[in-house]
Amino acid sequence: TYINLKIRPMKKLVLSSVFVFLVLFSSAQTATNFNCNDCAATNHDLFAELAAGKVIVITWVMPCGSCINSAATASTTVQGYASSDPGRVKFYLVDDYGNTTCATLTSWASTNGITFDAAFSNSAINMSNYGAAGMPKTVVIGGVGNNVFYNQNGTVSVSAMQAAIDNALLTGVSENTIPFSSVNLFPNPANGTGTTLN
């Protein structure tokens, strides 16, 4: 079996590892679990999804005009991982207090070009679990410790979100993870791109 393996530059890997270490061993905020249906009546258990190696980006909106740019930025940032990490990074659009109908929320998203993996209007997904309310509020959650890697009220930063998602992916669990002891890389040493031979 041949699997293409992209080798990340050592500097980025070392910096990411240091960041992951600091997040895991500092007083990092952890997520609060929820188990509820989305607007399409699909059940979601946050901790089960995180345990499966997913990274979840949640943006709470009113929905309102001032929420559009940040929600669209979060959505587009998540879409950027569709080819590099297919199925692992999910964007959840959530009504701030669960008091807007799903039809209104999804229509607002569609009208404003905001793509989501799931939309929720359920107070079980409570933004107050992540500090002060903000419009909108965006968090990035992932890793084996259910850690919050990003927590921002209002305007979101693409680069900060990408760094948070990258680090959450590094600490996640994946059924496709191959232990380094079982990897045979060609060419060895590799610079840039290599192929595993298993």
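This is a predicted model: local features need pLDDT of at least 70, side-chain atom pairs count only at pLDDT 80 or more; totals for chains, interfaces and linings use all residues.
I started with what α3 packs against: its buried residues (buried is under 20% relative accessible area, exposed over 50%, partly exposed in between, with a 1.4 Å probe and protein chains only) touch β4 (55-61), β5 (89-95), α4 (102-111), β7 (137-142) and α5 (158-171). Contact here is heavy atoms within 4.5 Å. Helices (H or I, at least four residues) and strands (E, at least two) are DSSP runs numbered from the N terminus.

Numbering runs from 1 along each chain as its sequence is written, and side-chain values use heavy atoms, without hydrogens or water.

Which residues of α3 are buried? I found Ser70, Ala71, Ala74, Ser75, Thr77 and Val78. Down the axis of α3 they fall within an arc of 165 degrees (taken from the directions from the helix axis to the C-beta atoms), so they line one face of the helix. Exposed Asn69 and Thr76 sit on the face turned away from that buried side.

Next I looked at β7. It runs antiparallel to β8 (residues 147-153), joined by 6 bridges; strands pair if DSSP finds at least two bridges between them. Val140 stands opposite Tyr150 in β8. The hairpin has 4 residues between the strands, and Gly143 takes a positive phi near 85 degrees.

Last, Asp166 in α5. Asp166 is buried at 17% relative accessible area, and its side chain makes a 2.8 Å polar contact with that of Tyr81. A polar contact is a pair of N or O atoms within 3.5 Å; within protein, one must be able to donate a hydrogen and the other to accept it, and residues adjacent in sequence count only if both atoms are side-chain atoms.
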